[in-house]
Amino acid sequence: MEKAGEVKRLSVIVPIYRGQKYIVNLIKMIEAGIEKLGTNMAVEMIISNDDPEDVIEGDFFSKRMQIAVLNTDVNKGIHGARIAGLLHCTGDFVLFLDQDDWISASYFVSQMKKLEDSRADAVVCRAKENGREIYNASYSFEKTIDYMNMVSVGNMIVSPGQVLIRRNAIPDLWQHNILKNNGVDDWFLWICMLEQGRHFVLNEEILFEHRIEGSNLSWNSEKMLASEKEMLEVIKSTAFLDKTKIQKLENLIESEQKRYIDILEKYRKMFFVYDKWMCIECHKGAVSEYLYGQGVKKIAVYGMGYIGTQLVNKLQGTNVCVVGAIDRNAGFIEAAVPVVRLEEFDEDSDLIIVAVCGHTSEIVQDIKAGIDVPIITIEKLLKNWDEERALQYE
């Protein structure tokens with residue numbers, strides 16, 4: 001039981017790998033969060049450098065927290081770097097933050113309140129990924145801490161930075177079985193904690209953002225599969241899960257290869273859309289000019305993923321007005337225009353552009369069933385534009 005007025009310690013552990021450029025902004029970001037904490041909370045930041053060839057030299061100073069730098073003689077991987085920081089830390093509470101993560105200035109105060117009010121072992125906050133809310137109608141936030149979902153569907157906690165943990169709730173099993181392959185050490189941690197009966201709670205506030213770049217490990221399917229298979233072997237060898245959970249986890253990891261292939265196929269199609277779009281713009285001008293020349297003055301965009309968002313942004317401030325967007329996860333999307341579900345759309349528009357790269361036939365049929373407006377897919381739009389032809393609707 002925590003005593004009133006007792007000073008508690010919070011450790012922010014940041015593995016760094018060729019990421020010295022992130023350190024100054026990380027310090028400022030953490031300091032902004034510390035400002036909202038009371039005087040009964042002491043914070044330390046531990047920079048766990050996992051690149052022996054890129055030694056972090058010099059001291060980092062902060063008036064609001066202690067900062068320690070741990071250089072390494074040998075690359076341990078991200079799991080090993082987290083453990084190195086954990087062994088060095090003095091915190092009652094731990095946050096594992098990646099070098100390119102972002103947390104809100106309200107992160108610490110909100111997560112701590114939720115954790116202490118519930119007396120839970122860990123608290124998971126809502127999150128965004130590159131500005132878009134991660135959880136939605138089809139990807140439920142509530143399922144992130146469901147144990148059977150964790151071993152049969154997958155890890156829906158996208159980054160350990162979403163989770164503030166009590167130090168004494170981190171299992172020895174996770175600390176003593178360090179995965180050599182980077183990728184799923186956090187998934188391994190959640191499974192270990194849940195198996196030991198550790199209590200997770202949810203924080204409905206969006207306090208964390210995962211930044212995706214081309215170098216993110218989560219986009220390297222080969223390395224992720226290797227890490228998942230290594231985790232499975234460790235779990236089998238330690239026999240700390242029952243046969244039912246092991247079988248579910250094994251089935252899940254076997255199916256992951258197909259999922260990664262599906263994801264890569266989706267982004268392959270998106271690449272060709274972007275490539276064609278840029279090539280056409282280089283030779284024929286802006287998409288707004290083509291649409292306006294076709295008599296289109298008001299459009300709606302179906303699908304507010306990467307392509308839909310870029311299309312809306314491209315048309316902002318032009319002579320083609322985007323009156324709104326349609327997306328099945330409308331309630332979870334922030335955009336420059338109003339976003340609604342298909343059944344709620346009633347804006348007056350000249351054209352609906354379907355800005356997705358899959359299942360377009362079904363989407364077009366769904367739109368036609370409820371809306372009497374010309375429809376065109378982004379791929380057909382680009383083809384018509386490239387060939388300097390009139391728009392051919394679906």
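What follows is a working chat about a predicted model.

User: Before we start, what sort of model is this, and how are residues numbered?
Analyst: It is a predicted model: local features need pLDDT of at least 70, side-chain atom pairs count only at pLDDT 80 or more, and totals for chains, interfaces and linings use all residues. Residues are numbered from 1 along each chain as its sequence is written, and side-chain values use heavy atoms, with hydrogens and water left out.

User: OK, helix 8. How many residues does it have?
Analyst: Helix 8 has 42 residues, 243–284. From its first C-alpha to its last it reaches 61 Å, close to the 62 Å expected at 1.5 Å a residue. That expected span is 1.5 Å times one less than the number of residues. Helices here are DSSP runs (H or I, at least four residues), strands are E runs of at least two, and both are numbered from the N terminus.

User: Where is the kink in helix 8 centred?
Analyst: On E256, with a kink of about 30°. The bend at a residue is the angle between axes fitted to the seven residues ending there and the seven starting there.

User: Is E256 buried or exposed?
Analyst: E256 is buried. Buried means under 20% relative accessible area, exposed over 50%, partly exposed in between (1.4 Å probe, protein chains only). Other buried residues of helix 8 include L249, L252, I253, Y260 and W277.

User: Which helices do the buried residues of helix 8 pack against?
Analyst: Helix 4 (147–152), helix 6 (185–195), helix 7 (221–238), helix 9 (287–293), helix 10 (306–315) and helix 12 (378–386). Contact means heavy atoms within 4.5 Å.

User: What about the ends of helix 8?
Analyst: At the start, a side-chain oxygen of D242 reaches to within 3.1 Å of the backbone nitrogen of T244. After the helix comes G285, with a positive phi near 95°.

User: Switching to charges. How many salt bridges does the structure hold?
Analyst: There are 23. A salt bridge is a side-chain nitrogen of Lys or Arg within 4 Å of a carboxyl oxygen of Asp or Glu.

User: Which residue forms a salt bridge with K245?
Analyst: E195 does, with the closest N and O atoms 3.8 Å apart. E195 lies in helix 6 and K245 in helix 8, so the pair ties together parts that are 50 residues apart in sequence. K245 counts as buried at 12% relative accessibility, while E195 is partly exposed at 28%.

User: And what does D348 meet in a salt bridge?
Analyst: K298, at 2.7 Å from N to O. D348 sits in the loop between strand 12 (339–340) and strand 13 (351–354), and K298 is in strand 10 (residues 298–302), 50 residues apart. D348 is exposed at 54%; K298 is partly exposed at 28%.

User: Which residues are linked in a salt-bridge network?
Analyst: R82, D98 and D185.

User: How many residues of strand 9 are buried?
Analyst: Eight of its 11 residues, 200–210. Strand 9 runs antiparallel to strand 5 (residues 102–103), joined by two bridges, and I103 stands opposite F208. Strand 6 (residues 122–129) runs parallel to strand 9, with eight bridges. There, K128 stands opposite E209.

User: What does S227 touch?
Analyst: L179, N181, N182, G183 and V184, not counting residues up to four places away in sequence. S227 lies in helix 7 and is buried, with a relative accessible area of 0%.

Notes:
Polar contact = N/O pair within 3.5 Å; in protein donor to acceptor, adjacent residues only side chain to side chain. Pairing = 2+ DSSP bridges.
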